[in-house]
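Have the sequence and the 3D view open as you read.

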Amino acid sequence: YGMAENQIQHMVNMVNELAAFPHGDNKIIPQKVSLEKVFNKFCDLKAPLLKDSRFKIEFISNDVEMEGDADKLLRMIQNLVTNAIEAIPPNGPLGQIQVRASESDGMIHLTVQDNGPGIPQEIQGSFFKPFATFGKHNGSGLGTAIAKSIVEAHRGKIHFETSKQGTTISVKFPKVYHH
C-alpha cells in the first residue's frame, strides 16, 4: 500500500515539475532581488527541512542584490539544495550544505556546496539534462535541468565540480539583466 502511494506521489511530483518546466524562451521580468530575502523565503517554506538533524544548511548572502525573477531564483535554489540533500547518504556523517552569494566585477556568484559522496562519473555528462536521477529514491530528475533553464533565462551560466568529498554547483549571473 505504502509503495503504490509513494509511486503515485512520485508521479504527481514529476507532473508538477514538468508543468513548471520552462518551454522555449523563458521570459523573466527582471526586478531588483535581494538574495537575502530569497534565502529567507526558502527558510520559511522549508522550515521542517532545516530542523532535520541529518544535515545542516547554511546561507551566506553577503547582502547581494541582482536583477532577476525572485520566484524563479527561489525555485532554482530549492532545486539545487534539494538535489544536494538527496545526494547525502542517509546513514553517513552529518550532511553539510552551504549556499553562498557574492559579487565581483558586475557578476553575481552563487554556490551550493555539499559534502555528499560526489556525482557518479557515469552521469556527470548528463547532470543538467532532464531525468538524470542516478539512483535517487524520489527525485523527478528535473531539478537540475530546471535550475539550469532558470540560470540561462537570467543570462547566467552553471557548472559543477565534484569529488568524493562533495560537490559544488557554481552559478554566475550578470548583476544587471540585459534584454
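A residue counts as buried under 20% relative accessible area, exposed over 50%, and partly exposed in between (1.4 Å probe, protein chains only). Before going further, note that this is a predicted model, where local features need pLDDT of at least 70, side-chain atom pairs count only at pLDDT 80 or more, and totals for chains, interfaces and linings use all residues. Residues are numbered from 1 along each chain as its sequence is written, and side-chain values use heavy atoms, with hydrogens and water left out.

**Salt bridges**

Take a salt bridge to be a side-chain nitrogen of Lys or Arg within 4 Å of a carboxyl oxygen of Asp or Glu. On that rule there are six salt bridges, including these:

| Pair | Closest N to O |
|---|---|
| K32 and E65 | 3.4 Å |
| D52 and R54 | 3.7 Å |

Helices (H or I, at least four residues) and strands (E, at least two) are DSSP runs here, numbered from the N terminus. K32 is exposed at 68% relative accessible area, while E65 is partly exposed at 30%.

K41 is partly exposed at 39%; D71, at 54%, is exposed. In the D52 and R54 bridge, D52 is partly exposed at 23% and R54 is partly exposed at 39%.

**The core**

A nonpolar core is a set of buried Ala, Val, Leu, Ile, Met, Phe, Trp, Tyr and Cys residues joined through side-chain atoms within 4.5 Å. The largest one has 39 residues, and L35, M76, I77, L80, V81, L110 and F173 touch the most other members. Elements giving two or more residues include α2, α4, α6 and β5 (107-114), and α4 gives the most, with eight.

What does L110 touch, leaving out residues up to four places away in sequence? Counting contact as heavy atoms within 4.5 Å, its partners include L35, F39, M76, I77, V99 and I169.

**Helix α6**

Nine of the 11 residues of α6 (residues 143-153) are buried, so this helix is largely enclosed by the rest of the structure. Among the buried ones are G143, I146, I150 and V151. Just after α6, R155 takes a positive phi of about 65°.
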